[in-house]
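Dear colleague,

I am handing over the structure below, and my notes on it follow directly after. Please read them with the coordinates open.

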Amino acid sequence: MKRLAILATGSGSNAEKIMEHFAHSSKGEIALVGTNKEDAGVLVRAKKFGVPTFTFTRKEMEAGVLLAKLQEERVDWVILAGFLLKVPDELIRAFPDRMVNIHPALLPNYGGKGMYGHHVHEAVKAAGETESGITIHLVNEHYDEGKIIFQAATSLLPEDSAETIAAKVLALEHQYFAGVIEGLL
Ligand code: GRF
């Protein structure tokens with residue numbers, strides 16, 4: 001059984017789908033949910049699934065506290081599901097080709113610094129794109145430039161707002177992320 005840690009900063013709807021999926025998987029189990037936000041919604045969701053949680057500050061993460069916890073819990077894979085801090089290189093190097101992120105756009109477009117959450121969908125809307133989607137990729141030191149594992153697209157209509165684009169993209173995330181992770185194990 002591979003042991004997975006999920007890192008999230010926000011509400012954790014993706015984390016919930018992943019915990020649901022791995023609640024009955026023969027290949028992996030969710031060993032830990034980590035977050036840098038004391039009041040993150042993901043903590044409530046983890047408790048619902050009986051998954052241990054770990055809260056840390058950016059400084060603690062950068063001091064190696066998170067890496068030590070992941071090693072102590074014998075974590076094999078790290079899943080970034082809406083984790084908004086830059087992962088320290090030391091942590092990325094400790095999980096070579098074993099750290100996965102989901103980006104709410106079709107990389108390499110709409111990636112890079114500042115491109116997260118609603119900023120992504122606003123840029124897609126402003127550009128008049130007729131489609132958007134998700135990218136699931138391995139994390140390397142160049143962040144959104146890691147090896148792309150999976151992409152799925154959804155068509156956009158001129159009347160779509162950044163909010164409706166976000167909803168269409170989130171639906172794809174919930175549909176595909178857990179299964180793609182399982183396929184990597
Ligand atoms: C998603 O939009 C995901 O693409 C991005 O962060 C968001 C996470 O949403 N990485 P949630 O916290 O899983 O609901």
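N14 is found in helix α1, residues 13-22, where helices (H or I, at least four residues) and strands (E, at least two) are DSSP runs numbered from the N terminus. This is a predicted model, in which local features need pLDDT of at least 70 and side-chain atom pairs count only at pLDDT 80 or more, while totals for chains, interfaces and linings use all residues. Residues are numbered from 1 along each chain as its sequence is written, and side-chain values use heavy atoms, with hydrogens and water left out.

N14 is buried, with a relative accessible area of 8%; here buried means under 20% relative accessible area, exposed over 50%, and partly exposed in between, with a 1.4 Å probe and protein chains only. Leaving aside residues up to four places away in sequence, N14 touches A81, L170, E173, H174 and F177, contact meaning heavy atoms within 4.5 Å. The side chains of N14 and E173 are joined by a polar contact of 2.7 Å. By polar contact I mean a pair of N or O atoms within 3.5 Å; within protein, one must be able to donate a hydrogen and the other to accept it, and residues adjacent in sequence count only if both atoms are side-chain atoms.

Both N14 and E173 also belong to the surroundings of the ligand, together with S11, G12, S13, G82, I102 and P104, a residue being near a molecule or strand if one of its heavy atoms lies within 4 Å of it. A polar side-chain atom of S13 lies 2.5 Å from an oxygen atom of the ligand, and a backbone N or O atom of G12 lies 2.8 Å from an oxygen atom of the ligand. On the nitrogen side, a polar backbone atom of G82 is 3.5 Å from a nitrogen atom of the ligand.

Turning to the sheet, seven strands form an open arrangement in the order β3-β2-β1-β4-β5-β6-β7, with mixed pairing; two strands pair if DSSP finds at least two bridges between them. The edges are held by β3 (53-55) and β7 (148-155), each of which has a single partner strand, so one side of each is left without a neighbour in the sheet. From one strand to the next the twist averages 20°, with axes taken as lines fitted to C-alpha atoms, for helices over the stretch in contact, and angles running from 0 to 180 degrees between N-to-C directions.

Strand β1 (residues 2-7) pairs in the parallel sense with β2 (residues 28-35) over six bridges, and L4 stands opposite I30 in β2. Helix α4 (residues 65-72) packs on the sheet, where α4 touches β1, β2, β3 and β4 (77-80), and the direction of α4 makes about 165° with that of β3.

The pairing of β1 with β4 is likewise parallel, over four bridges, and the bridge partner of A5 in β4 is V78. Three bridges join β4 to β5 in the parallel sense, with I79 opposite V100 in β5.

Seven of the eight residues of β6 (residues 131-138) are buried, so β6 is largely enclosed by the rest of the structure.

Some backbone details deserve a look. Most residues other than glycine have a negative phi, and most peptide bonds are trans. The peptide bond from L107 to P108, however, is cis, with omega near 10°, and P108 lies in the loop between β5 and α6 (118-126). That loop also holds Y110, whose phi is near 60°, a positive value in a residue other than glycine. R74, in the loop between α4 and β4, has a positive phi too, near 55°, and R74 is exposed, with a relative accessible area of 56%.

With best regards
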